[in-house]
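Trainee: I would like to learn how to read the pockets of a protein model, and what surrounds a ligand. Could you take me through them slowly?

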Amino acid sequence: MIKPIYKRVLLKLSGEALMKGNSYNINSSVIKNMISDIAEIVSLGVELAIVIGGGNIFRGISNKIQGIDRSTADYMGMLATIINSLALFDMLNKSGIISHVMSAISIEKFLESYIPLNAIKYLEEGKVVIFAGGTGNPFFTTDTAAALRGAEIKAEIILKATKVDGIYNTDPNKDLSAISYKSITFDEVISKRLKIMDSTAFSFCRDQKLPIKVFSIIKSGALKRVIEGKNEGTLVYV
Ligand SMILES: Nc1ncnc2c1ncn2[C@@H]1O[C@H](COP(=O)(O)OP(=O)(O)OP(=O)(O)O)[C@@H](O)[C@H]1O
Ligand SMILES: O=c1ccn([C@@H]2O[C@H](COP(=O)(O)O)[C@@H](O)[C@H]2O)c(=O)[nH]1
């Protein structure tokens with residue numbers, strides 16, 4: 001029996017990774033793959049909270065509409081994260097993984113509001129908790145929401161599952177000669193302005209001494225390998 005090295009984690013799932021190709025949507029086969037990875041770690045007894053981005057819906061819209069105020073656009077982005085969270089919630093429950101969605105923006109009709117103590121209770125009961133609606137504030141991102149929620153529920157680490165397999169010295173999607181890091185300090189990642197996560201999230205995690213692991217959401221089994229402490233992705237540490 002494999003022993004996980006973490007008891008409680010906050011998994012940040014890329015919104016953009018939910019789409020296939022360049023069509024801004026939710027691809028159910030991509031979600032199914034995510035769910036089988038999630039099922040593996042839940043079965044190991046890991047307490048799992050999730051924040052999912054909204055890029056797959058929001059960037060498609062914002063690319064087309066111009067002249068909207070930043071804060072209005074940001075609320076649209078937060079609503080996009082709620083749509084993704086509901087899709088994930090529905091498919092997790094259908095796969096037999098009991099989950100709850102808690103939203104930073106109140107939509108009483110069908111969403112529970114974010115209450116930290118209730119979230120912790122669910123986690124202790126072995127249920128997956130999805131934090132929707134980002135931080136609830138414009139001018140932020142779901143990376144920052146993941147950092148905030150992770151600290152509040154006392155997660156041991158933020159696991160950023162994204163479209164690249166770690167942090168590089170430059171964007172690997174733009175520069176084929178980019179070199180990857182196995183580990184890097186928060187000070188370095190911030191001073192080098194590496195754009196894999198926003199600097200607010202990095203600074204907050206540094207101050208809270210909350211490590212981050214960046215790894216590929218596409219690579220099958222990568223999440224389990226991270227949970228087992230195997231060589232996977234990039235660790236950001238204090
Ligand atoms: N130094 C770097 N190392 C690795 N990736 C980088 C770096 N700089 C920029 N990137 C880019 O950052 C992207 C990941 O950030 P992005 O905000 O798009 O993803 P996400 O948070 O996973 O998505 P979403 O916002 O939809 O949730 C990668 O796909 C990569 O192209
Ligand atoms: O706390 C938050 C979280 C998100 N937003 C807006 O939503 C989009 C989508 O989130 P991603 O993290 O980029 O996937 C983001 O670009 C913001 O516009 C927000 O305002 N506050």
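Mentor: Helix H3 provides 6 residues to the lining of the largest pocket, the largest share; helices (H or I, at least four residues) and strands (E, at least two) are DSSP runs, numbered from the N terminus. This is a predicted model, where local features need pLDDT of at least 70 and side-chain atom pairs count only at pLDDT 80 or more, while totals for chains, interfaces and linings use all residues. Residues are numbered from 1 along each chain as its sequence is written, chains are lettered from A and ligands numbered from 1 in the order in which they are written, and side-chain values use heavy atoms, with hydrogens and water left out.

Trainee: How much space lies in the largest pocket, and which residues are closest to its centre?

Mentor: On a 1 Å grid over the protein atoms alone, a pocket is an open set of points where a 1.4 Å probe fits, with protein on both sides within 12 Å along at least five of seven lines, and lining residues have an atom within 4 Å of a point. Grid points are joined across faces, edges and corners, and a volume is the space filled by probe spheres set on the points. Here the largest pocket holds about 980 Å³ of space, and of its 39 lining residues the closest to the centre are Arg59, Asp143, Lys160, Lys195 and Ile196.

Trainee: How do the residues of that lining divide by class?

Mentor: Ala, Val, Leu, Ile, Met, Phe, Trp, Tyr, Cys and Pro count as nonpolar, Asp, Glu, Lys and Arg as charged, and the others, Gly among them, as polar. The lining of the largest pocket has 10 nonpolar, 17 polar and 12 charged residues.

Trainee: Which pocket does ligand 2 take up, and which residues are closest to this ligand?

Mentor: A molecule sits in a pocket if more than half of its atoms lie within 2 Å of its grid points, and ligand 2 takes the space of the largest pocket. Its shell (residues with a heavy atom within 4 Å) has 16 residues, the closest being Arg59, Asp74, Thr135, Asn137 and Thr142.

Trainee: Which polar contact does aspartate 74 make with ligand 2?

Mentor: A polar contact is a pair of N or O atoms within 3.5 Å. A polar side-chain atom of aspartate 74 is 2.6 Å from an oxygen atom of ligand 2, and a backbone N or O atom of glycine 54 is 2.8 Å from an oxygen atom of ligand 2.

Terms used
A polar contact is a pair of N or O atoms within 3.5 Å; within protein, one must be able to donate a hydrogen and the other to accept it, and residues adjacent in sequence count only if both atoms are side-chain atoms.
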